[in-house]
Amino acid sequence: MPPAVGGGLAGSELRPRRGRCGSQAARAVGPDVATEATARSPKRPAPSSRRFEAPGRWALLALVTLMSFATRFHRLDQPPHICWDETHFGKMGSYYINRTFFFDVHPPLGKMLIGLAGHLSGYDGTFLFQKPGDEYEHHSYLGMRGFCAFLGALLIPFAYLTVLELSQSLPAALLTAALLTFDTGCLTLSQYILLDPILMFFIMAAMLSMVKYNSCANRPFSAPWWLWLSLTGVNLAGALGVKFVGLFIILQVGWNTVSDLWHLFGDLSLSMVTVGKHLTARILCLIVLPLALYTATYAVHFMVLNKSGPGDGFFSSAFQARLSGNNLHNASIPEHLAYGSVITVKSARMAVGYLHSHRHLYPEGIGARQQQVTTYLHKDYNNLWIIKKHNTNSDPLDPSLPVEFVRHGDVIRLEHKETSRNLHSHYHEAPLTRKHYQVTGYGINGTGDSNDFWRIEVVNRKFGNRIKVLRSRIRLIHLVTGCVLGSSGKVLPKWGWEQLEVTCTPYLKETLNSIWNVEDHINPKLPNISLDVLQPSFPEIMLEAHMVMIRGNNGLKPKGNEFTSKPWHWPINYQGLRFSGINDTDFRVYLLGNPVVWWLNLLSIALYLLSGSIFAVALQRGARLPAEVEGLSQVLLQGGGQLLLGWMMHYFPFFLMGRILYFHHYFPAMLFSSMLTGLLWDILLRLCAWSLASFSLAGHVHTLGILSLLLGIAYSFYLFHPLAYGMVGPLAQDPRSPMAGLRWLESWDF
């Protein structure tokens with residue numbers, strides 16, 4: 001049998017490290033295989049060389065970290081204007097500094113950290129972040145960019161340490177670090193005020209912590225074991241606290257934990273008390289601790305953002321009452337609804353908003369050409385309606401007339417205060433929703449017809465009961481057609497100002513779409529009550545926030561000139577994203593992965609599936625493999641399997657999503673494919689060297705292979721680095737452009 005060559009896993013690197021936790025790679029292949037491999041290896045290091053092994057590892061880690069920080073912080077100040085989504089997340093950082101409430105579809109942790117970084121670096125929160133291309137001028141923006149670049153730079157040493165733990169191979173870890181260091185896509189995402197580097201930081205930190213506590217399995221309940229297990233929980237909370245896609249790394253850690261507990265349950269040498277301790281430890285560190293930290297981020301979020309802002313309208317009236325500056329905060333309004341009151345009517349469905357109308361008409365061919373009625377998320381004078389009796393035009397606010405309260409079952413008329421048109425419906429079909437009726441504004445100065453009459457009903461109340469502001473959940477039944485006023489939640493085209501469709505549905509089942517409440521209430525003839533008693537509890541606030549975020553996520557649609565993509569585009573690097581600039585005179589930054597890195601990753605996934613299947617079948621059939629090959633195959637299947645699972649967990653769920661998708665959503669999965677590439681090619685080259693052991697140059701095959709890959713990746717970065725660091729001059733379509741020869745796909749529009 002040929003001896004092992006090239007050192008590494010088949011030889012000295014399979015030894016458990018001298019320390020408090022054994023290596024995961026050594027445990028993967030088992031003590032017998034490791035011992036046999038070590039005995040057979042002709043390259044066992046001399047005792048004197050072991051003294052230099054640990055310093056060498058630390059020196060290499062320092063070099064990797066230095067290269068990572070150098071590439072991420074190079075030209076960080078360029079361009080000195082807003083790029084891509086900096087307009088959103090920089091603005092949200094400003095909101096935190098100014099304590100102004102806003103709405104976003106993502107959890108708050110990432111934006112809070114951006115705001116904190118800006119505050120600590122001297123940014124005062126006064127820049128407007130209106131649109132990409134706006135110059136920062138004298139405003140301090142480098143602190144926020146630097147914070148994101150710092151976390152983005154840490155991805156490389158984290159990936160290096162993860163692969164090193166899984167494979168115990170320095171070349172595999174070094175190759176992984178090179179793939180990520182010299183990827184133009186990861187570099188670009190790390191240099192701007194975005195959530196992506198923060199999200200990927202927590203994902204990689206959770207993965208590293210997980211493999212570290214796995215490697216401590218031979219010392220359960222020791223201090224390092226508790227440390228890494230707890231850090232895993234902390235990083236899971238961080239990943240989910242930045243974006244909901246952090247759920248994918250939670251699922252991966254959960255799968256690893258269930259598998260680990262199942263293995264412990266089958267170990268008959270352990271008592272059930274010990275198994276119970278293991279279960280309790282994981283519940284505490286991987287469920288209770290993350291949930292507590294995740295909840296704490298929301299507590300801080302709501303405590304800091306205590307001033308009224310652009311996000312108010314997405315939330316319920318009771319929620320808004322807690323925001324300083326909101327018209328409901330510390331407000332006193334009449335408790336019961338009366339005729340003549342000026343009111344706003346808010347949908348009970350979260351993130352739908354207020355019943356709204358404006359002077360614009362429905363276009364030709366869209367039902368009757370009458371005044372549009374929509375729902376609108378923001379406070380506006382066009383949200384105001386006057387509640388009147390259906391059969392009289394007398395002024396209910398006349399001091400000589402007694403107050404008449406609106407009661408459950410009354411037939412009413414709602415007159416739009418700004419245009420004096422009545423809320424109206426008829427048998428014309430709604431603009432977007434089939435089999436629903438159109439809702440319009442109709443009439444002149446409050447005079448219309450019988451299609452303006454609505455019966456007001458309170459959910460689960462008896463006829464004759466008064467209607468309470470904020471607390472009564474009401475429905476409006478059209479008297480002529482029998483349909484129910486509701487909002488479909490569908491976004492109208494540009495003629496409807498991209499507001500939400502209001503319809504009258506003939507389906508009378510009670511749903512949140514057709515339930516409303518009265519929010520603002522102005523009536524000088526009525527006494528006021530304080531709204532403080534209506535403020536919701538923290539659990540109610542948190543539940544509502546999540547419902548609004550989930551609905552907002554599902555409703556995301558592309559805006560004009562936005563480059564959306566499909567999941568199958570991503571691994572092949574089919575199309576990038578313009579971060580900055582369009583014309584040849586602009587400073588252009590283009591988000592595109594280094595094609596050499598990305599296509600190598602794609603090839604590696606295919607090779608892993610092929611080689612992994614071969615080894616899995618051979619081992620399952622009981623084939624007697626040489627000790628060196630068996631050791632490498634176990635690392636390939638177990639270490640590589642974890643990385644392949646991570647790639648799949650962070651990629652395939654996007655095929656099931658109905659929301660709008662962008663190229664940058666693939667980058668967490670790309671981290672795992674790069675780690676798999678580093679581990680796979682190291683093992684393949686070692687197997688190649690082992691199979692050629694009878695040749696004189698066999699010992700150099702592994703070294704030459706790794707060096708060739710490193711040099712090729714570095715050279716490709718040299719070619720494509722202008723994509724990340726910025727380009728000025730002719731576009732790539734122009735033969736005079738220095739990037740002309742690098743436009744390898746027609747879909748690349750840099």
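**Figure 1. Spans annotated as transmembrane regions in the predicted model.** The UniProt annotation "transmembrane region", from an unreviewed entry, covers residues 170-192, 198-214, 226-255, 279-300, 596-619, 631-654, 666-685 and 697-720; such annotations may be inferred rather than shown by experiment. Residues 226-255 are 87% helix and 0% strand, with end C-alpha atoms 19 Å apart, while residues 666-685 are 95% helix and 0% strand, with end C-alpha atoms 28 Å apart; helices (H or I, at least four residues) and strands (E, at least two) are DSSP runs, numbered from the N terminus. This is a predicted model, in which local features need pLDDT of at least 70 and side-chain atom pairs count only at pLDDT 80 or more, whereas totals for chains, interfaces and linings use all residues. Residues are numbered from 1 along each chain as its sequence is written, and side-chain values use heavy atoms, with hydrogens and water left out.

**Figure 2. Packing of helix α7 with helix α18.** Helix α7 (residues 142-167) and helix α18 (residues 667-691) pack at an angle of about 45°, with their axes 10 Å apart. The contact (heavy atoms within 4.5 Å) is made by L155, A159, T162, V163, L166 and S167 of α7 together with L671, M675 and L679 of α18.

**Figure 3. The MIR annotation and the domain assignment.** The UniProt annotation "domain: MIR", also from an unreviewed entry, covers residues 334-390, 403-459 and 464-521. Over residues 403-459 the chain is 0% helix and 44% strand, and the end C-alpha atoms lie 24 Å apart. An automatic or database domain assignment gives domain 1 (332-530) and domain 2 (562-749), whose centres, taken over C-alpha atoms, are separated by 56 Å.

Note on methods:
Axes fitted to C-alpha atoms, helices over the stretch in contact; angles between N-to-C directions.
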